[in-house]
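Have the coordinates open as you read.

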Amino acid sequence: MVRWGMVIDLDKCTGCQSCSVACKAENNVPHGSPEEHQRRMTPFWHKVIAVSRGQYPAVSIDLIPMPCMHCDDAPCVTVCPARATYRREDGIVVQDFRRCIGCKYCIIACPYGVRSFNYKEQEEKEYHRPDLPPERADRGVWPFPRRVHGVVEKCTFCFHRIDAAVRQGKKVGEEVVPACAEACPARAIFFGDLDDPESGVSRSLASRQSFRLREEMGTSPKVFYLPR
Amino acid sequence: MNFVTLDGRSGAYRLTVAILALLTLGGFAGFIISYLAGHQVFGASNAVPWGMPIVMAIYLIGLSAGLHILAFLIYVMHQDRYREVIRAAVFMAIVLIFGAMLFIALDLGRPEKFWRLFMLFYLNNMSSMFAINAIFYTAYFISATIYLVSLLNNMKRFSLVMGMVAFGWAMLTHGGTGAIFGFIAAREPWYSPLSPFEFIFAALTSSLALLIVALVIIYKSTGRLLRQELIVSLGGLVKALLLGMLLLMVIGELTHLYAPSRDAVVYTLTGPSSWLFWIFLVGLGAVVPLVILFHPRAKKSLSGLVIASVLIVIGIFVKRFYLVIPGAAYPLQYYPGKIEGVWGALGTYRFAPVEIALAVGMVAFLACLFILGLKYLELLPAKQPGEDAVTETPAIKQTTGELNSGAEGR
């Protein structure tokens with residue numbers, strides 16, 4: 001059985017936030033305004049946090065790209081009353097907007113703050129992207145051309161890409177990767193099957209020390225970080 | 001003991017109903033706005049996901065506990081003097097639990113899908129505390145309603161059974177509400193195994209205090225004679241429960257303070273909103289009422305008891321508010337160090353007019369339901385002969401002659 005996972009090499013990451021921008025474009029996530037961002041009301045499926053340690057001039061900053069961790073033991077799946085969020089067999093934790101009742105309990109329970117509530121009916125200009133290539137049109141219902149307000153959203157590891165690639169017999173992790181990994185100019189993000197010892201992610205995990213975020217929570221995240 | 005309905009034809013009664021109905025309309029308008037425009041009109045955000053409706057929901061759930069402790073006292077402790085207030089207390093509990101469920105439904109992003117919460121074992125994930133609480137709340141509502149019906153029909157044996165069922169179920173309901181918060185490991189200020197017990201004690205304390213206030217208001221405004229001894233004994237109960245709640249709170253905070261990873265509890269006790277905790281919850285909500293309730297004269301005076309009860313009711317509201325909003329605002333520590341920008345900042349919450357209108361409107365709706373219930377159901381004890389209520393008694397006889405004669409016939 002495959003178990004999709006991600007490895008992010010913090011040594012290569014430059015903090016350019018291309019991953020966040022690519023995610024917004026790929027998944028049609030509304031832009032939001034600076035004021036809404038200040039109030040933490042814009043949906044973010046992917047974010048890059050800056051963590052500082054020490055005082056100037058003796059200061060170091062870590063830049064951590066944070067997609068959904070797709071935990072093997074995900075608290076959001078445990079608390080969702082409507083089975084709207086669930087773990088697929090390939091390990092991806094997805095959110096079904098049709099089932100979601102918008103109780104926000106998953107936002108409360110997520111230790112990584114990767115879930116966003118859709119606070120308003122988005123205007124067309126919020127996500128109308130004429131600059132995107134026309135082949136977006138034939139990806140079926142995903143990503144939604146429009147979204148309803150009042151439901152919770154989150155990163156899906158771009159499962160539409162993965163599912164299409166599996167159907168077409170392409171190699172996931174080499175030919176097809178999630179939008180954030182594809183957009184990374186430093187090639188710091190790897191994607192692949194954690195259960196396959198020959199995959200790129202398994203080999204990079206075997207080659208170096210790695211860590212996961214908030215491992216003390218016991219959620220077994222499937223996003224690994226290679227330290228600087 | 002005979003029970004009667006309220007006359008409900010006086011100008012003051014009609015004015016009260018009209019004002020409450022107007023506020024209810026305002027609340028309904030607030031809900032429609034939030035439904036059409038989305039929750040951006042509320043004060044909540046992804047950092048503080050739950051706002052006023054959830055504060056009100058858990059507060060009202062707690063307030064509804066009064067009936068159960070009375071039922072417990074009557075049937076287990078054989079304190080028959082409480083029988084005269086049990087009907088009003090049960091009805092109040094039903095209205096409040098209904099209100100709590102309403103608040104939860106109105107807080108959903110997609111309120112039209114609220115029925116999904118009740119698709120137990122079929123479309124629900126039964127490991128969710130929300131789904132488990134859907135069982136608790138529904139059964140609580142149903143058992144309290146059956147209990148009220150049995151009381152209204154003077155079914156002695158059956159009401160004893162239902163009273164005990166309702167009491168046991170209430171403990172599950174209040175504990176379950178506490179578990180919604182206490183079981184979430186990601187939110188450090190909430191994560192505590194004591195949370196369900198704290199909720200039970202807070203619920204019993206606040207509901208008895210509310211019962212005292214409501215009884216005094218109803219008895220005074222309808223010209224009934226309130227027996228001092230009844231209210232004083234309720235005051236003694238409130239005192240004991242308040243002490244129990246404080247004890248649990250102290251144990252909970254101390255446990256978290258003792259361990260070296262004490263950031264969350266230090267935030268709770270000294271954070272930017274801790275003035276709410278110290279002034280309203282500890283000061284006005286616990287210390288002042290305890291001083292009143294221990295004072296040899298004040299604890300026997302009606303005004304002293306009412307002041308203490310009002311302070312407790314407000315204090316427990318602040319306790320709920322402090323848990324839901326500043327508690328959730330505590331930032332998540334994704335990575336060791338200082339997280340820059342909004343991702344590491346304390347969550348913000350602002351009071352939004354629509355949210356306030358919604359909360360006030362729903363409370364007005366519940367108050368309206370309650371006083372309408374007093375008019376149409378036999379909830380209040382009949383006046384004793386000799387009470388100064390000459391103006392009202394004939395009117396009651398006229399409007400509810402049939403019901404009264406039925407009750408007296410038994």
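This is a predicted model. Begin with helix α1 of chain B. Its buried residues are Leu20(B), Thr24(B), Gly27(B), Gly30(B), Phe31(B) and Ser34(B). Why might such a list step along a helix in threes and fours? An α-helix has 3.6 residues a turn, so residues three or four places apart point the same way.

Next, check the length of α1(B). The helix covers residues 11-37, which is 27 residues. Just after α1(B) comes Gly38(B), with a positive phi of about 90 degrees.

Now move to the interface. Here 45 residues of chain A are in contact with 41 residues of chain B. On the chain A side, elements giving two or more residues include α2 (34-38), β3 (58-66) and α3 (75-79). The largest share, 6 residues, comes from β2(A). By class, this side of chain A has 26 nonpolar, 9 polar and 10 charged residues.

Ser52(A) has Lys338(B) as its bridge partner.

Finally, confidence. Chain A averages a pLDDT of 88, and 90% of its residues score at least 70. Over residues 137-141 of chain A, pLDDT stays under 50. The model has 1 contact beyond four places in sequence for that stretch. Where pLDDT is low, the predicted coordinates should not be read in detail.

Notes
Residues numbered from 1 in each chain as written. Chains lettered and ligands numbered in written order. Predicted model: local features only at pLDDT ≥ 70, side-chain atom pairs only at ≥ 80, totals over all residues. pLDDT = per-residue confidence, 0-100. Contact = placed C-beta atoms within 7 Å. Helix = DSSP H or I, 4+ residues; strand = E, 2+ residues; numbered from the N terminus. Expected span 1.5 Å × (residues − 1). Buried ≥ 20, exposed ≤ 12 C-beta atoms within 10 Å, placed from the backbone. Nonpolar A, V, L, I, M, F, W, Y, C, P; charged D, E, K, R; others polar. Pairing = 2+ DSSP bridges.
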